[in-house]
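Hi everyone, thanks for coming. I'd like to walk you through one structure today, so let's get it up on the screen.

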Amino acid sequence: QLARAHAQGDTAGLARIAVGSARAATGFAAVLAAGALLFAEPLLALFGAGYGEARSALFAVVVAQFVNVAMGSVGLALLMTSHERSALVGLIAGALVDLGGIVWLVPQYGAFGAALARGAGLVVWNVLLAVAVRRRLGVALEAWAVIR
C-alpha cells in the first residue's frame with residue numbers, strides 16, 4: 001500500500017496508511033510495555049533467581065522498543081519508495097551508536113549498559129530514518145503526526 005501510494009504520487013494517502021498503522025501499533029505496544037514494566041519482577045523471575053537485577057535493563061529495552069514502534073514504519077517507507085541508501089545510512093549510524101555504547105557502557109554497567117547501548121542505537125536509527133522520510137517523501141509517519 002505504501003509503495004502504491006508513493007507510485008501514484010498520493011503523499012496524503014501514504015501518510016494516512018503509515019500513521020494509522022503507527023497509531024494502532026503504538027496503542028498495542030503501550031499495553032505490552034505497561035504490562036512488562038508493571039509485572040517486571042514476576043516476568044524476570046521466570047528466567048531464574050538472578051534475573052531480578054535486570055529490571056533496569058528491561059526498562060531500557062522496553063522504552064527503546066516503544067520509541068521504535070511509535071516512530072512508525074519509517075524504514076519500510078524508505079525501502080518501498082526507492083530510498084534504500086537513506087535507510088542504510090540510518091542503519092549504519094544506529095549500529096555505530098550501538099557498538100560505541102557497548103564498548104563504553106558494558107564494562108561499567110553490565111547488562112544495563114548493553115540495554116542502554118542497544119536502546120540508544122535503536123532510537124538514533126529511528127530518528128535518522130524519520131528525518132530522511134520527511135526530507136525524501138515530505139511526510140511525517142510517527143504515531144503523533146498530524147494527518148492532512
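Let's start with helix α6, residues 84-109: its 26 residues reach 35 Å from the first C-alpha to the last, close to the 38 Å expected at 1.5 Å a residue. That expected span is 1.5 Å times one less than the number of residues, and helices here are DSSP runs of H or I, at least four residues, numbered from the N terminus.

Before going on, a word on where this comes from. This is a predicted model, where local features need pLDDT of at least 70 and side-chain atom pairs count only at pLDDT 80 or more, while totals for chains, interfaces and linings use all residues. Residues are numbered from 1 along each chain as its sequence is written, and side-chain values use heavy atoms, with hydrogens and water left out.

Back to α6. There's a bend of about 35° at I102, taken as the angle between axes fitted to the seven residues ending there and the seven starting there.

Which residues of α6 are buried? They are S86, A87, G90, G94, D98, G101 and L105, where buried means under 20% relative accessible area, with a 1.4 Å probe and protein chains only. Their cover includes α5 (74-80) and α7 (111-137).

Take D98 as an example. D98 counts as buried because its relative accessibility is 11%. Leaving aside neighbours within four places in sequence, D98 is in contact with A117, R118 and G121; contact means heavy atoms within 4.5 Å.

That brings us to α7. Its 27 residues should span 39 Å at 1.5 Å a residue, and the end C-alpha atoms are 38 Å apart, so the two agree. Its buried residues include A117, G121, N126 and V133, and among the elements covering the buried residues of α7 are α1, α2, α4 (55-70), α5 and α6. G138 follows α7, again with a positive phi, near 75°.

Now the largest nonpolar core, which has 17 residues. By that I mean buried Ala, Val, Leu, Ile, Met, Phe, Trp, Tyr and Cys residues joined through side-chain atoms within 4.5 Å. Those with the most contacts inside this core are L14, V74, A77, L78, V133, V139 and L141. Helices α1 (2-7), α2 (11-38), α5 and α7 each supply at least two residues, and the largest share, five residues, comes from α7.

One last stop: L14. Apart from neighbours within four places in sequence, L14 touches L2, A5, H6, T81, V139 and L141.

Methods
Buried means under 20% relative accessible area, exposed over 50%, partly exposed in between (1.4 Å probe, protein chains only).
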